[in-house]
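Have the picture open while you read.

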Amino acid sequence: MDALEVFDPSGATEVSVLHAPRLQSLNGKTVALLSDDMWQAHRMLPMIREKLQALYPDATFIPETEFPMGTRQMDTEETVDMLVERGVEAVIVGNAS
Amino acid sequence: MGVVRNSVAGLGFDQDASMVIFPISPFLVDSDISPIEQDVHKFAEGLTDWKPASTETGIQNPPKVRIEANGYEAAYDKMNRQFITSTWGDGLPLNPPTEERVSWILQGTDRPRDSMIGKVMPRGGIATVETLAVTLAMSGGRPEYLPVMIAAIECILDPEMEHDKFQATSGSTYPVVIVNGPIGKDIRLNSGFGLLGPDPQHPAGVAIGRAIRLVQQNVGGALPGVGTMSIYGAMRTTNVVIAEDEEGLPEGWGPVGADHGGVGSGKNGVTVIVSTGASNIVRRGVGKETLEDEALQSLYRVAAYLRSPSAHYVWGHAKGTPGALLMPRVVAGQLASLGWTKQKIKQFLWDNSKIPHEEVVRTGLLQWIETGVDPATVASANDPMWPICRDPSQIVLAVAGGAHPTHNFWMQGATPKIATAAIDVPKEWHGLLAQADDDLGPSGDMCLI
């Protein structure tokens, strides 16, 4: 029996941050929507917000139009600061395709 | 799904995310989005019930892979099958990246093997000198190729190149690496006939380009349909790794790297852009024109190829490039003899590739320009004649290709920056080149007309 010992070519990976803990419930929470303004997000996100609001009337859903929209535009520290300032506790981001 | 998983991994999270997944149909124009409505509760569940796989931080180094079989040839075959099933291959045979082979490749640099080059997005795998040597070992590379590979990857990972985006996009993006300096000839990079394809006389470009692609896929996660949504994936088997034909540069024309802030004449360096397409342009006349008429007509013809309502131009409009034009030495020499400098050619192409506002509107390019990040790009949306980049100097013009007058080659850009880097060779460089001569036979141009 012969053997080859070879490197795994995918390299090392680093987990430097953990995902945020999940909320117990959306009731009473503030949830923001963020949009890359692509892939029908302009239709889907308002509909999602409206339906979630109906399911969780005590929650506050801030529309995506109140934050920078666009792939690069929303991917900034300024957007994060805006979320913190508004007391946002969870974020729904769309759309990827 | 894979794109999102890669993206969060690239941000430093575990390679997973809370997602609500649908088929492509609702994401298309005028689509039925009722499937989203039916599953709207899943968005809430993603914020309350989803659980990540990883609960600890830290670096994870994958262990080596042991392949056992009856005989070396069987082990070699088994390794290739295993690398395909692990999605680490590209369909062509790979050399086993054993410690012996990787150590041989590492002779191409004096940098420590654990020296970090950067994280390759969107997956965020860590590229070290060793990682590049492993990949070059797999692709059929040699130690003398490693300096170009390192410099090219450094350019690709330059934050302003936004490689996380071109890696994951639906466009057919591929890196274009143009090498200047004596290293091009030293390592047998092609600058002449057939330079974009395989050539046993110049094997370096294929091996380096293939290795870059494997880094993109294996370390960066750009697996077709999973981590990259590139619909066609053109030109990606070997990317483009070529040398400029510096001996063919007309008097007064500098190397392409120097045009874009890289190293000057006689020094080793790379210029890297990202392209998304390739067009062969028949630029020669039928032979009965005057040289002046042929030159002018050919430049108008080239400009017509550049004058395209391409949304990719928006990406590179402010600081990148609309693309790279390859021009063989014969054509460059003819143009130079008529007084055409590089600068004058770029100015001509820029002037004559502007797009009338009516066409910008008619083709929907206007909306794409308005999505631009740079304010000046957005402000240009209503220019009566929209230039494909802000300044003519952004057009990359390299003298390369077989010494023949008929064609130019245009690689349209999708690149927010033209990246350049110096190439560092190891102290024992000449020994490596001597070994290459022993292994491959003497190098040299075999066909020039």
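## Before we start

A helix axis here is a line fitted to C-alpha atoms over the stretch in contact, and angles run from 0 to 180 degrees between N-to-C directions. Keep in mind that this is a predicted model.

## Helices α6 and α10 of chain B

In chain B, helix α6 (residues 129–139) packs against helix α10 (residues 204–219), with axes 8 Å apart and an angle of about 125°. Angles from 65 to 115 degrees count as roughly perpendicular and those over 145 as roughly antiparallel, so α6(B) and α10(B) are oblique to each other. Their crossing is right-handed.

Who touches whom? On the α6(B) side you'll find B:Thr131, B:Leu132, B:Thr135, B:Leu136, B:Met138 and B:Ser139, and they meet residues of α10(B) including B:Ala207, B:Arg210 and B:Leu214. Sorted by class, this contact has 8 nonpolar, 3 polar and 1 charged residues.

## Helices α12 and α15 of chain B

Now find helix α12 (residues 291–306) and helix α15 (residues 342–351), also in chain B: their axes come within 8 Å and cross at roughly 55°. That angle makes α12(B) oblique to α15(B), and the crossing is right-handed.

Here B:Leu299, B:Val302, B:Ala303 and B:Leu306 of α12(B) meet B:Ile345, B:Phe348 and B:Leu349 of α15(B). The contact has 7 nonpolar residues, with no polar and no charged ones.

## Where the chains meet

How many residues of chain B are in contact with chain A? There are 60, and they touch 40 residues of chain A. The chain B side divides into 35 nonpolar, 19 polar and 6 charged residues.

Strands link the chains too: β1 (residues 2–6) of chain A and β2 (residues 65–69) of chain B run antiparallel, joined by 5 bridges. Look for A:Leu4, which stands opposite B:Ile67 in β2(B).

Conventions: Residues are numbered from 1 along each chain as its sequence is written. Chains are lettered from A and ligands numbered from 1 in the order in which they are written. This is a predicted model: local features need pLDDT of at least 70, side-chain atom pairs count only at pLDDT 80 or more; totals for chains, interfaces and linings use all residues. Helices (H or I, at least four residues) and strands (E, at least two) are DSSP runs, numbered from the N terminus. Angles under 35 degrees count as roughly parallel, over 145 as roughly antiparallel, 65 to 115 as roughly perpendicular and the rest as oblique. A crossing is left-handed if the near helix is turned anticlockwise from the far one by less than a right angle, and right-handed if clockwise. Two residues are in contact if their C-beta atoms, placed from the backbone, lie within 7 Å. Ala, Val, Leu, Ile, Met, Phe, Trp, Tyr, Cys and Pro count as nonpolar, Asp, Glu, Lys and Arg as charged, and the others, Gly among them, as polar. Two strands pair if DSSP finds at least two bridges between them.
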